Amino acid sequence: MNGRMVLATDWRGMRLLDRETTEFLLQIMRSDEGVEAQVVLIDESALMGLQIRRLFRDGGGEHRAVFDDPELAERFLMPYLDPMERVALRNFITSYEEAA
């Protein structure tokens, strides 16, 4: 491992995070030093969207973003990925869409 991490998390289908989970995620986000880029995919839920966007804003870093559009999330991460990682990301994103 070369020390870099690019993260994609799919939270589509989630509704709300409780306070303890939010605080725990915020602590992780503030302390992770090896994250080069991170995206979270969410549904278009207004409440969840506000909560997660606030979490990412408070967690800091312009290398993190929240998207409800999978294509925009993919586009955001492309500069950080090699060709094999791009295929893996595409498969990850479409696995939710195929299951739905």
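How many bridges join β2 to β3? The count is 4, and the two strands run parallel. The model is predicted.

## The sheet

β2 and β3 belong to an open sheet of 3 strands, ordered β1-β2-β3, with parallel pairing. Its edge strands are β1 (5–10) and β3 (64–67), and each of these pairs on one side only. From one strand to the next, the twist averages 10°. Strands of a sheet pair through backbone hydrogen bonds, in either a parallel or an antiparallel arrangement.

Val 6 faces Ala 37 of β2. Asp 10 stands opposite Leu 41 of β2. Leu 41 also has a bridge partner in β3, namely Phe 67.

Of the 7 residues of β2, 6 are buried, so the strand is largely enclosed by the rest of the structure. β3 is an edge strand, yet both of its faces are covered. Arg 64 and Val 66 are buried on one side of β3. Ala 65 and Phe 67 are buried on the other. In a regular strand, side chains alternate between the two faces of the sheet.

## Two nonpolar cores

The largest nonpolar core has 12 residues. Its members include Trp 11, Leu 17, Val 40, Ile 42 and Val 66. Two elements, α1 (19–31) and α2 (46–59), each give two or more residues to this core. α2 gives the most, with 4 residues. Ile 52 is one of the core residues. Setting aside residues up to four places away in sequence, Ile 52 touches Trp 11, Leu 17, Val 40, Ile 42 and Val 66.

Another core, of 10 residues, lies apart from the largest one. Among its members are Ala 37, Ala 65, Phe 67 and Leu 77. In soluble globular proteins, nonpolar side chains tend to be buried together.

## Helix α3

Which residues of α3 are buried? In this helix, residues 70–77, they are Pro 70, Ala 73, Glu 74 and Leu 77. Seen down the helix axis, the buried residues fall within an arc of 100°, so they line one face of α3. The face turned away from that side carries Glu 71 and Arg 75, both exposed.

The N-terminal end of α3 is capped by Asp 69. A side-chain oxygen of Asp 69 lies 2.9 Å from the backbone nitrogen of Glu 71.

Glu 74 belongs to α3. With a relative accessible area of 11%, Glu 74 is buried, because the cut-off for burial is under 20%. Beyond its neighbours within four places in sequence, Glu 74 is in contact with Leu 89, Arg 90 and Ile 93.

## Helix against sheet

## Arg 12, a buried loop residue

Arg 12 lies in the loop between β1 and α1. Is this residue buried or exposed? Its relative accessibility is 11%, so Arg 12 counts as buried.

Arg 12 makes two polar links. A polar contact of 2.5 Å joins its side chain to that of Asp 10. The Arg 12 side chain also reaches the backbone oxygen of Ile 93 at 3.2 Å. Not counting residues up to four places away in sequence, Arg 12 touches Leu 41, Ile 42, Asp 43, Pro 70, Ile 93, Tyr 96 and Glu 97. Of these, Pro 70 is a buried residue of α3, and Ile 93 is in contact with Glu 74 as well.

## Leu 16, an exposed loop residue

Leu 16 is also found in the loop between β1 and α1. At 52% relative accessibility, Leu 16 counts as exposed, because the threshold is over 50%. Apart from its neighbours within four places in sequence, Leu 16 is in contact with Leu 47, Met 48 and Gln 51. Met 48 is part of the largest nonpolar core.

How many residues along the chain lie between the positions of Leu 16 and Tyr 80? They are 64 residues apart, and their C-alpha atoms are separated by 29 Å.

Definitions and conventions:
Residues are numbered from 1 along each chain as its sequence is written. This is a predicted model: local features need pLDDT of at least 70, side-chain atom pairs count only at pLDDT 80 or more; totals for chains, interfaces and linings use all residues. Side-chain values use heavy atoms; hydrogens and water are left out. Buried means under 20% relative accessible area, exposed over 50%, partly exposed in between (1.4 Å probe, protein chains only). The arc is that of the directions from the helix axis to the C-beta atoms. A polar contact is a pair of N or O atoms within 3.5 Å; within protein, one must be able to donate a hydrogen and the other to accept it, and residues adjacent in sequence count only if both atoms are side-chain atoms. Two strands pair if DSSP finds at least two bridges between them. Axes are lines fitted to C-alpha atoms, for helices over the stretch in contact, and angles run from 0 to 180 degrees between N-to-C directions. A nonpolar core is a set of buried Ala, Val, Leu, Ile, Met, Phe, Trp, Tyr and Cys residues joined through side-chain atoms within 4.5 Å. Contact means heavy atoms within 4.5 Å.
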